[in-house]
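The following exercises concern a predicted model. Each task is followed by a solution worked in steps.

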Amino acid sequence: MMSGGVGKYTHIDNQKVSGSVPSVPDPGHVTVQFTDSNLQTFPPSESQGKISGGTRPPRDADDTFSKPVSGSEESQQGGWFRTFTVAAYKPYFDVDTTDVLERIKYSLFPFRGTFTEKTVNNPDLYGPFWICTTLIFVAASIGTFVTYIAHKLQKKEWNYDINLVTWSAGVFYGYVLLVPLVLYVILKYFSAPSGLVQLFCLYGYSLFVFIPALCLSVIPLEIFRWVIAGVAGFMSATFVALNLRAHIMSAGERWFFIVAGIFLLQLALSVVLKLYLFTVTV
């Protein structure tokens, strides 16, 4: 009886529902329009870098960091706080192997003086960082190998010098960081400002010539080591001086002294490297 009652009520309910729903005429073809979405499309329609879609480095020579894309999370962090974020330095690592190799090639031909023109729109910190890191490794390994061979040939006891690594790191990293920073302040004082990142880039690539020079220092001839250190220092100093000469000439009559100081300081670096890294004492 219960099942029959349920069927009865169901039949009545279906009649009520079917009677209460009016018929809807077929409208035919329906056109649906959607409003423009505010969501960001992926992938971006216009990438600005070779590795990521980040902004390019600044064109203004006196502007140290590039401005973030409006509306992004980077734009919400302004002022000096942004300099402590990874996003502030991302555009300066947006280079590939071809870019780095091409800039290394320019550093080995110092008399062209066109390095700053080639990198004015895209100075990088990737190359300088790895050049300095490679120099530290090469200086420590070559220096250790040369001293080991010299001690073994004279049958003397040899001990590994850990200070060679720390000293090399302090010299190369310190030189690439402090010298461009001081030069940046000097150029700004003489109303000839240059981009700080561009100076880091220039000085970093100027040290590449010391990598093959350190490798050639394994030849146990003191006069040959002096020649190698002198040639490497002259090439590095000429590379930096010629690339900055055209820009520093706008500083007035004192531009010659500034360029000469840059040249002599780079030569002094090669002398220091010769006395400490290219000299073997037993």
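**Exercise 1.** Determine where D124 is placed and whether D124 is buried or exposed.

*Solution.* Step 1: D124 sits in the loop between α3 (115-119) and α4 (126-153). Step 2: the relative accessibility of D124 is 0%. Step 3: buried means under 20% relative accessible area, so D124 counts as buried.

**Exercise 2.** Identify the polar partners of the D124 side chain and the residues that D124 touches beyond four places in sequence.

*Solution.* Step 1: the D124 side chain reaches the backbone nitrogen of Y126 at 3.3 Å. Step 2: a polar contact of 3.1 Å joins the side chain of D124 to the side chain of Y205. Step 3: with residues up to four places away in sequence not counted, D124 touches Y92, V95, R103, C201 and Y205.

**Exercise 3.** Classify C201 and C215 by accessibility, and state how many disulfides are counted.

*Solution.* Step 1: C201 has a relative accessible area of 0% and is therefore buried. Step 2: C215, at 37% relative accessibility, counts as partly exposed. Step 3: a disulfide requires a pair of cysteine sulfur atoms within 2.5 Å; by this rule, the count is zero.

**Exercise 4.** Describe the secondary structure of residues 170-187 and 226-244.

*Solution.* Step 1: the unreviewed UniProt entry lists "transmembrane region" at several spans, including 170-187 and 226-244. Step 2: residues 170-187 are 100% helix and 0% strand, with end C-alpha atoms 25 Å apart. Step 3: residues 226-244 are 100% helix and 0% strand, and their end C-alpha atoms lie 27 Å apart.

How values were computed
Residues numbered from 1 in each chain as written. Predicted model: local features only at pLDDT ≥ 70, side-chain atom pairs only at ≥ 80, totals over all residues. Heavy atoms only, no water. Buried < 20%, exposed > 50% of the residue type's maximum accessible area, 1.4 Å probe, protein only. UniProt positions renumbered as here; feature names shortened; annotations may be inferred. Helix = DSSP H or I, 4+ residues; strand = E, 2+ residues; numbered from the N terminus. Polar contact = N/O pair within 3.5 Å; in protein donor to acceptor, adjacent residues only side chain to side chain. Contact = heavy atoms within 4.5 Å.
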